[in-house]
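Please look at the sequence and the structure shown below before reading on. The report then takes up a few parts of the fold, one after another.

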Amino acid sequence: MLDFAPNLLDDELLVSYAARWRFLSGLRQKTFCDALAGRQIAFHALNAARFVTLESTIGIVADKNWVEENMTLYPFARPFLGEVINARHFTAGKELKSLGTEVEELRRRPWGTLCLKHCPECARENRHNDSVAAWRRSHNIPGVTACLKHGLRLIEMPHVPESLQVLRVQPDAEPHSEACRSELWYAAVAKDLLAASIPVVHREQFKFALRAGLVRTFGRLEKNAMQSLILHGLEKNFEPSFLRGIGAGTASAKMAIARIAEDDKKPLNPVHAILLAKLTHEGGIVELFREALTFKVRPLSNSRVVKMESFKKLVAGIEAANKRSLIKRRSLLSDGVLDANVPDEVIMIDGEI
């Protein structure tokens, strides 16, 4: 039923390509999925704002890795996610189906979004050259609000992740607003990182490189003094309107940037990391990640990740059992059933990792 495929457009998102293909086929979404892959496709996996690898190339090209590296934002996201999340959720052949704290974190802003962005001039050029407009990768990187090519602010449009929607615009009728210096700088840095193909970066590697950069920039200072200098550096280097526009303009957001090296539990906020790297590395975030990769750490395998999670569950079970025992003992003491000098109950839980 599908005996053709549209031409690939430069810098086009995979979700945009699939939407154009479905539109040109004239098929309903369910019929299109069955014809293309023989099954229903989880379209959140095509929403590049969710940064997931695909189970197959769904017939576009033979090389799955080429699709991931050239049609999704995963190359940009990979170094921010950390080794644990990459090993657990982004192993080849997996789609983001399971629920859990880490997955839910990926689905929150700035990783997940219900909007896609486009440039009115890029849309006009697409319509003129290709008879169709398309969403571009470089426009939909987290924090990017400007088109580097035309120097214009991007326009956000609502997008439903579970469906395939073509970009319908009238470029001549859309507002053309010039971007500020900080917006253009950020767009250039983000695009460079997208093209740099940085491999998985361990969170410990990131922290080592960031601390080294902070010492080179500000010297060896106490934590509070370092944070104060970082906050001053952010206000000096970036326009307030830019910081507000990308969600880094409030006092709490600026403090979160200043404390970014302390938190190793959640995925890195890419916007925060890019802004901070501006203060610590001349080459920005790309240089920071490349320095991070020079630090040697023990690699994590998927089996080791599973063992770590099992150990955390075991510890949580022991802590919960101890808490229940303490509550019970206090209740008995208050009722006068137990002597206050009786030693605490010893709890044994069998388990092996």
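## The chain as a whole

The model discussed here is predicted. Its protein chain has a secondary structure that comes to 15 helices and 4 strands, and of its 353 residues, 47% count as buried. When contacts in the protein chain with a separation of 6 or more are considered, 71% of them are accounted for by residues 24 or more positions apart.

Helix 13 is largely enclosed by the rest of the structure, because 10 of its 11 residues are buried. The buried residues of helix 13 are Pro270, Val271, His272, Ala273, Ile274, Leu275, Leu276, Ala277, Leu279 and Thr280.

## Phe289 and its surroundings

Phe289 is found in helix 14, which covers residues 284-292. With a relative accessible area of 0%, Phe289 is buried, because the cut-off for that word is under 20%. Which residues does Phe289 touch, not counting residues up to four places away in sequence? They are Pro79, Phe80, Leu193, Ile198, Val201 and Phe206. One of these, Pro79, is 210 residues from Phe289 along the chain, yet the C-alpha atoms of the two are separated by 7.5 Å. Phe289 also belongs to a cluster in which ring pairs link Phe76, Phe80, Phe206 and Phe289.

Phe80 takes part in a polar contact as well, for the backbone oxygen of Phe80 lies 2.8 Å from a polar atom of the side chain of Arg203. Arg203 has its place in helix 9, residues 203-218, and although arginine counts as charged, Arg203 is buried, with a relative accessible area of 8%.

## Where helix 8 meets helix 14

The axes of helix 8 and helix 14 come within 8 Å and cross at roughly 35°. On the side of helix 8, the residues that meet helix 14 are Val189, Asp192, Leu193 and Ala196, while helix 14 brings Ile285, Val286, Phe289 and Arg290. The residues of this contact between helix 8 and helix 14 divide into 6 nonpolar, no polar and 2 charged.

A search of the whole structure finds 10 aromatic pairs. Among them is the pair of Trp185 and Phe238, which is tilted, with 5.3 Å centre to centre and 50° between the planes. Trp185 lies in helix 8, residues 181-196, and Phe238 in the loop between helix 10 and helix 11, so the pair ties together parts that are 53 residues apart in sequence. The two partners are described by separate words, since Trp185 counts as partly exposed at 21% relative accessibility, whereas Phe238 is buried, with a relative accessible area of 4%.

The rings of Tyr186 and Phe242 have their centres 6.1 Å apart and their planes at 55°, so this pair, too, is tilted. It links distant parts of the chain, with Tyr186 in helix 8 and Phe242 in helix 11, 56 residues apart.

## The end of helix 1

Ser25 is found in helix 1, which covers residues 14-25. A polar atom of the side chain of Ser25 lies 3.2 Å from the backbone nitrogen of Leu27. Not counting residues up to four places away in sequence, Ser25 touches Leu2, Phe4 and Phe32.

Conventions. Residues are numbered from 1 along each chain as its sequence is written. This is a predicted model: local features need pLDDT of at least 70, side-chain atom pairs count only at pLDDT 80 or more; totals for chains, interfaces and linings use all residues. Side-chain values use heavy atoms; hydrogens and water are left out. Contact means heavy atoms within 4.5 Å. Helices (H or I, at least four residues) and strands (E, at least two) are DSSP runs, numbered from the N terminus. Buried means under 20% relative accessible area, exposed over 50%, partly exposed in between (1.4 Å probe, protein chains only). A polar contact is a pair of N or O atoms within 3.5 Å; within protein, one must be able to donate a hydrogen and the other to accept it, and residues adjacent in sequence count only if both atoms are side-chain atoms. Rings of Phe, Tyr and Trp (its six-membered ring) pair if their centres lie within 6.5 Å; planes under 30 degrees apart count as stacked, over 60 as edge-to-face and the rest as tilted. Axes are lines fitted to C-alpha atoms, for helices over the stretch in contact, and angles run from 0 to 180 degrees between N-to-C directions.
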